[in-house]
Amino acid sequence: MPGVNDDFRGAARAAADLVADYLDAVPRRPVWQPMDPAERAALLDLPLPEDGAGLDELLKAVEERIMPHPMGNGSPRFFGWVNSAPQPAGVLAALAASAMNPSSAGGDHADVHLERAVVRWIAELVGFPHPPGGGLLTSGTSMATIVCLAAARGRAARRAGWDVREDGLAGMPPLVGYVTGEAHSCVRKAAELLGLGSKHLRTVASDADGHLRLDALEAAVAEDRAAGRLPFLVVASAGTVGTGAVDPFGPIADLAEREGLWFHVDGAYGAFGVLDPAIAHRYAGMDRADSLALDPHKWLGVPVDCGCALVRDAEELRGTFSLVPSYLRDDAAGDLGWFSEYGTEQTRPFRSLKVWASIAHRGRSGVARDIAHCTAQARQLGEWIEQDGELELVAPVETSIVAFRYRPAGLDGAGLQRLNSLLPVAVQQRGRVFVTGAVYRGGEMLRACLLNSTTTEADLRLLLDEVKSAGAELLDRCRTSN
């Protein structure tokens, strides 16, 4: 009878072949297609098994029932949302991390020390100051934003003579934060979860290209101070999810310093764009922020999940979260203590190994080369759109997101709105490329996000061809129905 280890060894080898074959086939298969209703129902209605199944049987089920139905983000023709293909080195590291299966809260084991190293690497990549303990890995930027804004709330309350951890916010004048209309929804969620209230997260005007307007921010701060409220936070973007716009960090940092605001940068998608010399100037002043939230599982291609919170003052972070009950006391932890003192998670997964592998396999120069490839292709795509009489570029291409519309002749404004709202799904269902939509300044649009360094100009041409072909079919149907 084979032992458990022998059984696992054979299944692991088969799993490696299965994953390698899957990754090898991704460029040749449809990007995405709707699941067959029967196959979807079979997954939804899976019965709880009474008896266990062998590893070979489980692998066969994965091969036949799961892997034929991907999201599609591994494909070089996937341009939807902000979802990257996984770095193969990160895929391998994720298996090893799962085998070790530690809790990366603290202690003297490899994952804890490796996380401190890769958080420093991330800070070095984007040029953000990194004091010891000044950051940690999270599930994503949504959680990293909660971590950073909690620290901002704590500092503001303390300056107002309030201990928010002890007393909460009841009875305190409202704390007010400032964002643009293009801020990611995770900022509002953080404000709500932290008890600030979304009505105290004020939307300030942006300019024609989607950047935060300093005059509007300054006026809003003055208005709130006069009303007895406490301005405490401004959030800028290192690449909005709609158009990829990068806010003017230097002037915002100046204003934040004058007004005593915590300056937070949402760099979830775009902060790594600073590595491309062609657009690095847009990020001047990002290093002056009090905190920066970003996602290695986006432009770096680290397998999901992996976000990162970086803060200028590590003690603000630790003072916000540290709670060490007697059963977790570690007298050998050193001055920095445990990671669980710097965020909300106590049991923390071993995220750092896949970050280390994804970066170390390419090095800084390789990561920068991949990012520069994406931004160059985005600029090329933008130029082609501007040259096409049936397409319209909605906003300047600043990073690697291209926002555009299909704009054929003969349709009024309402017709164009409806056409562009229907286009993303129509393109997706054809299976050759994947693109998603959004609303920008009240107008429906398509947005192509380029994160895959294997994407070619032929893939970009196919994207435009598919948009126009699917759009023409929708247009014909609309005219027939009229």
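Leu-294 sits opposite Cys-308 of S7. The model is a predicted one, in which local features need pLDDT of at least 70, side-chain atom pairs count only at pLDDT 80 or more, and totals for chains, interfaces and linings use all residues. Residues are numbered from 1 along each chain as its sequence is written, and side-chain values use heavy atoms, with hydrogens and water left out.

Strand S6 (residues 291–294) and strand S7 (residues 307–311) run antiparallel and are joined by four bridges. Strands here are DSSP runs of E with at least two residues, helices are runs of H or I with at least four, and both are numbered from the N terminus. Two strands pair if DSSP finds at least two bridges between them. Zooming out, seven strands make up an open sheet with mixed pairing, in the order S1-S7-S6-S5-S4-S2-S3. At the edges are strand S1 (135–138) and strand S3 (201–204), each pairing on one side only. On average, neighbouring strands of this sheet are turned by 20° against each other, direction ignored.

Now for a pair of helices. The axes of H6 (residues 141–159) and H8 (residues 185–193) come within 9 Å and cross at roughly 45°; axes are lines fitted to C-alpha atoms, for helices over the stretch in contact, and angles run from 0 to 180 degrees between N-to-C directions. The contact (heavy atoms within 4.5 Å) involves Thr-141, Ser-142, Thr-145, Ile-146 and Leu-149 of H6, which meet Cys-186, Val-187, Ala-190 and Leu-193 of H8.
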